[in-house]
Amino acid sequence: MSEKIKTITNISILCVISYILTIFFRIPISSFLKYDPKDIIITLGGLIFNPGICFLVTVIVCFLEMITVGSTGIFGFMMNVLSTLTFSVTVSTVYNKLNNKYSILIGLLFAGIFSTLFMVLANLLIIPFYMKIAWEPSINLILWIFLPFNVLKSFVNSLFILLFYKIIKDSKLKI
């Protein structure tokens, strides 16, 4: 099988698994916040292959999510893509650059911090416009809802990534 076909097949498999997790294991937090475990699969794809895979799978799955089950339109799509990319690309980039026994832990820690801070800043720009509310209520919303949500999401994703990473690393798949 050619490398191009293998790559397309791997991207397709990651997209399908991520999308299925998005559809069937989505946990609504509010009308505009939902946790879904797609970041776990997308990040594992970046660890197994490369950070570029994270980008392709993220955009495809988030677009499918927006047109099928999404309720927040283009703003939700943009925030979903930004959130997933800042986490998954960071983990897989740190992992690939450091390439030692602690690189997965360092990548997950750095990604959790970076993703959370990035999403706070992104929400500062988007929420007042999207929700049509003033800055002060949007800052309270960010500090008391979005910040804890992003911290918890990063923590849960990191735990599952470590679990599955160990299984993949111990199997015959090469990372």
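**Figure 1. Secondary structure and overall dimensions of the chain.** The chain holds six helices and two strands (DSSP runs, H or I of at least four residues for helices and E of at least two for strands, numbered from the N terminus), and from the N terminus on these elements follow the order α-β-β-α-α-α-α-α. This is a predicted model, in which local features need pLDDT of at least 70 and side-chain atom pairs count only at pLDDT 80 or more, while totals for chains, interfaces and linings use all residues. Residues are numbered from 1 along each chain as its sequence is written, and side-chain values use heavy atoms, with hydrogens and water left out. Along its principal axes, the C-alpha trace spans about 55 × 35 × 25 Å.

**Figure 2. Packing of helix H2 against helix H3.** Helix H2 (residues 38-48) and helix H3 (residues 51-68) pack at an angle of about 155°, their axes lying 7 Å apart (axes are lines fitted to C-alpha atoms over the stretch in contact, and angles run from 0 to 180 degrees between N-to-C directions). H2 is therefore roughly antiparallel to H3, a term used for angles over 145 degrees. The contact (heavy atoms within 4.5 Å) involves Lys38, Ile42, Gly45 and Gly46 of H2, and on H3 residues including Pro51, Ile53, Cys54 and Val57.

**Figure 3. Asparagine 99 in the loop between helices H4 and H5.** Asparagine 99 lies in the loop that joins helix H4 (73-98) and helix H5 (103-131), and its phi is near 50°, a positive value in a residue other than glycine. Most residues other than glycine have a negative phi. Asparagine 99 counts as exposed because its relative accessibility is 60%, where exposed means over 50% relative accessible area (1.4 Å probe, protein chains only).

Technical notes: Buried means under 20% relative accessible area, exposed over 50%, partly exposed in between (1.4 Å probe, protein chains only). Angles under 35 degrees count as roughly parallel, over 145 as roughly antiparallel, 65 to 115 as roughly perpendicular and the rest as oblique.
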